[in-house]
Amino acid sequence: MSLTNFSHLLALLPDARISICIFYKSLVVRTLDDNQKLITLIGTLLALFLCKSVDACVFYNCMFIFFWRCNMKKKAWILGFLGAGMLSLALVQSAGAGFIQGTRVRTEHPSPFHVAVSPDGGQLALSNQSGHSVTFVDARSRKVTGEVPVQVQPESSVYTLDGRSLIVCNAESDTVSVIDVGNKAVVKTIKVGDWPCSVKLSKDGSKAYVCCSGSMWNTVDIIDTAMNSKIGEIRTTDYGPRDIAISPDGKTAAVILDTTGKINRGVDFVDLASGRVIEHRNIYQSCNLRGVEYTPDGAYVLVTMEQP
């Protein structure tokens, strides 16, 4: 096998860092012939696929080079794999969702989908989408303090300003659950529009705005947080209100419309005092609008989206 073909094989590797490491290694171990270089390539691929980590594969190459330069050529392979394996194990133990400052918090139910933070920052509420429950976690001790069953497919939640209640959107049930945080119990279930998926509080905390994002639905329902009841709704200009943001002065809301089948999706700006849309802005060539937020000065709104 020629060195040129060897270089072509390097280009097929899934990460440039690996190719650079192997190229450097080929310079360090330049006494090897092309067949032996091919063996080092096979070793690198084994490190990649057995350790399931690009970082572990790069670490393997670094270990190989180090021990080769230390005249430990016979042990370079074994020690390289050992180091890569240890790094891979460390990565598995420390990566992925479900960690709080390096500590995994396990819930009794699957698929934590959304997290809400209490006003004092001391508690987290995890909406378990396919577990149909909310898990409460003490943010300081990082321990689960309670699990409350709600209705089907909770996708979002928000604490009231006093931290005593949690308002949960149950998307598939078309309801909102109100949880007494202290007693860890549902105290009210409120019927809302199709597929409630996002909820935000007004600036004074007296109202909760629930986006109902059904493909043929165009309302943001308004919940009185003192009465725990629906008191009105905002009609959007198109279907699929997905998320809402409240302006810093509390007077205006921005509602993103993820209307199924439209190429140009958009944002409605709503006067909260009257509940009427005062402006609509198209986002051209957009789809999968998911989140919206105002900048601190209220001059802009930021929207997450996909461009097809």
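**Entry 1: ground rules**

Helices (H or I, at least four residues) and strands (E, at least two) are DSSP runs, numbered from the N terminus. I looked up S213 with that in hand and found S213 in the loop between β12 and β13. The model is predicted, so I noted that local features need pLDDT of at least 70, that side-chain atom pairs count only at pLDDT 80 or more, and that totals for chains, interfaces and linings use all residues. Residues are numbered from 1 along each chain as its sequence is written, and side-chain values use heavy atoms, with hydrogens and water left out.

**Entry 2: S213**

Is S213 buried or exposed? I read 12% relative accessibility, so S213 counts as buried (buried is under 20% relative accessible area, exposed over 50%, partly exposed in between; 1.4 Å probe, protein chains only). Leaving out residues up to four places away in sequence, S213 touches D194, W195, C197, G240, P241 and R242. Contact here means heavy atoms within 4.5 Å.

**Entry 3: whole chain**

I counted 5 helices and 20 strands in the chain. The chain has 308 residues, and 46% of them are buried. Of the contacts with a separation of 6 or more, 39% are between residues 24 or more positions apart. The accessible surface comes to about 16,000 Å², with 57% of it on carbon and sulfur atoms (Shrake-Rupley method, 1.4 Å probe).

**Entry 4: the sheet around β12**

I followed β12 into an open sheet of 4 strands, ordered β11-β12-β13-β14, with antiparallel pairing. Two strands pair if DSSP finds at least two bridges between them. The edge strands, β11 and β14 (229–235), each pair on one side only. From one strand to the next, the twist averages 25° (axes are lines fitted to C-alpha atoms; angles run from 0 to 180 degrees between N-to-C directions). I then checked β12 against β13 (residues 219–224): 6 bridges join these antiparallel strands. K207 stands opposite D224 in β13.

**Entry 5: nonpolar cores**

Which residues have the most contacts inside the largest nonpolar core? They are I167, V199 and V210, in a core of 13 residues. Such a core is a set of buried Ala, Val, Leu, Ile, Met, Phe, Trp, Tyr and Cys residues joined through side-chain atoms within 4.5 Å. β8 (165–170), β9 (175–180), β11 (196–201) and β12 (207–212) each supply at least two of its residues. β12 gives the most, with 3 residues. I listed the contacts of I167 beyond four places in sequence; among them are V158, V176, V199, L201 and A208. Another core lies apart from this one, with 12 residues, including V220, I244, V255 and L272.

**Entry 6: the β17–β18 hairpin**

I moved on to β17 (residues 265–271) and β18 (residues 276–283), which run antiparallel and share 7 bridges. G266 has N282 of β18 as its bridge partner. The two strands form a hairpin with 4 residues between them. In the turn, G275 has a positive phi of about 75°.

**Entry 7: R290**

I found R290 in strand β19 (residues 287–294). R290 has 39% relative accessibility, so it counts as partly exposed. What does R290 touch, not counting residues up to four places away in sequence? I noted R242, D243, I256, D258 and T304. The side chains of R290 and D258 make a polar contact of 2.8 Å (a pair of N or O atoms within 3.5 Å; within protein, one must be able to donate a hydrogen and the other to accept it, and residues adjacent in sequence count only if both atoms are side-chain atoms). R290 and V303 sit 13 residues apart in sequence and 7.5 Å apart in space, C-alpha to C-alpha.
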